[in-house]
Amino acid sequence: MKSLLKIIRRYSLTAGFIIFIILASNIGVFLYLGSSTMKDNEKMVYGRGMMEQISHELTIQGKRIELSEKGRKLIKDTDFVWAMALDESGNTVWEWNLPKEIPKTYTLQDVAAFSRWYLKDYPVRVWKNGNFLLVFGCDKEQVVRYDALMSSVLFKNLPMYLKTMVVANVMIIILFILCYGFRFYRSMKPIAQGIENLSDGKPVDLEEKGLSSELAEKLNFTSRTLRKQEEQLARRDQARTDWISGVSHDIRTPLSLIVGYSDKLAQDESLQEENRRLAKTIRRQSLIIRQLVTDLNLTSKLAYQAQPLKKKTCSPAALLRECIADFYNGEFGEDPYLELSDMEEDMLNYTIEFHMTEDAQRIKIEADEGLIKRALRNLIGNSIRHNPNGCHIRVTMSVQNEKICWLIEDSGPGISEIVVQNMDKQETKVHIMGLRLAAQIAKAHGGELQFVSRKSRNYDIAFSIHLDQSSKDWL
């Protein structure tokens, strides 16, 4: 579930960052527009600056008031639609484009009424110039006049109000992120649990509703498909295991007869030497067939965990000594490739040296003694089989990384690259049944079979099994 919390955390941070960017952008745009508006107000064609400039262009010519040529040009460039100048008595002493409905005489009350509001529905602005009051009319279709009184306390507390508003907005944003994140977490939690169950090979049956209904539907469908495939594979594997077991059982009786009769013929001194040699060949090839079927049956059971491990406490050092002693005594178990009659003279060309670390000698392990000896015999026998002219074999046993390890090296050319490449392939022309069987035995004991590279680019072999807590107590 840590991955889900990581997703939620990233989602929340991303959502907060996006909201922050939006707010910052809005504030920036607001400040920019406000600043631009304030600057433009000074340049507005109906602003205070323009009224002041126009008022300076009014001059008294005798009893009349005239607007200079520059003033006329200025007022034409404004958005004012009309203008007039009132004297102290409220009479109009100058006008420009004055509409007919606009009176030309005003009382003090009239001036007070329109100076900050409307005059005949025209928004107006006023400017005092000496003894005259300039009145400018704005376009009633384009300008709206708004006037309001505000408390000074409001302006004094405005910074505090703004701070409070910002803090409140931030709190609302955080609450929104947390609520939505929690909702997202609740909707995604079953999905995450379903994915974990799916990866562990467990069935998934999620409720298909809410935000994640489509994902839940897909996971349920995937789970059903995988379960169906697993059942089909299990039936196929069981059928193959049963077939191999059946063949192994059915072939054992005729092979035993062939081995027995061929052995009897090989020992019959009344037969010619050539016929006795042929009988020995028949016996050996029959034993090879029996061994291949037995190995195939065992490797099939190990592959599908159908071979029960008969674990007991044993000494790996003793197992190694027994295996080496068997080779020197000519007791090769069931390996037809290393029969005494064929190898007893050639064994003089083979030497086996072994070394053990101190902790490896005293350690005890829980393992299937028969399978461990089978693996060691396969690996040591592998060096003998592939070096027909003899070789020196060195076996080193040590404890490494909570594993007991056997390293098998020989003075021959070593294991070729093609063998390493074909270890995981189901179909191959390379005969590596013994190595695969040893690898499966190692895996069944929590270990592994590793290829150790030589300078010649070929390989030696290392066989290891995992040490449990009872084995560690011996260290």
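Reply: Let us begin with a nonpolar residue, leucine 158, which counts as partly exposed because its relative accessibility is 37%; the scale calls a residue buried under 20% relative accessible area, exposed over 50%, and partly exposed in between (1.4 Å probe, protein chains only). The model is a predicted one, in which local features need pLDDT of at least 70 and side-chain atom pairs count only at pLDDT 80 or more, while totals for chains, interfaces and linings use all residues. Residues are numbered from 1 along each chain as its sequence is written, and side-chain values rest on heavy atoms, without hydrogens or water.

Leucine 158 belongs to helix α5, which covers residues 152-199 (helices, H or I, at least four residues, and strands, E, at least two, are DSSP runs numbered from the N terminus). Together with Leu154, Met160, Tyr161, Leu162 and Met165, Leu158 forms a nonpolar surface patch whose accessible area is about 530 Å² in total. Patch members have over 30% relative accessible area and no salt bridge, with nonpolar side chains (Val, Leu, Ile, Met, Phe, Trp, Tyr) joined within 5 Å and like charges within 9 Å; areas follow Shrake-Rupley with a 1.4 Å probe, only the protein chains shown counting as cover.

We now turn to the charged side chains. A salt bridge places a side-chain nitrogen of Lys or Arg within 4 Å of a carboxyl oxygen of Asp or Glu, and this rule gives a count of 14 salt bridges.

One of them joins arginine 277 to glutamate 274, with 2.6 Å from N to O. These two residues of helix α7 (residues 273-303) are separated by about one helical turn, because they stand three residues apart. Arginine 277 is partly exposed because its relative accessibility is 43%, and glutamate 274 is likewise classed as partly exposed, at 41%.

Another salt bridge, between arginine 454 and aspartate 410, has an N to O distance of 3.3 Å. This pair links distant parts of the chain, 44 residues apart: arginine 454 sits in the loop between β13 (448-453) and β14 (459-466), and aspartate 410 in strand β12. Arginine 454 is buried because its relative accessible area is 18%; aspartate 410, with 15%, is therefore buried as well.

Strand β12 (residues 403-410) also holds glutamate 409. Glutamate 409 is partly exposed, because its relative accessibility is 25%. Salt bridges link Glu409 with Glu353 and Arg394 in a network. Along the chain, glutamate 409 and arginine 394 are 15 residues apart, but a separation of 5.1 Å lies between their C-alpha atoms. Apart from neighbours within four places in sequence, glutamate 409 makes contact (heavy atoms within 4.5 Å) with His392, Ile393, Arg394, Thr396 and Asp460.

To conclude, the pair in helix α7 lies about one helical turn apart, whereas arginine 454 and aspartate 410 connect distant parts of the chain.
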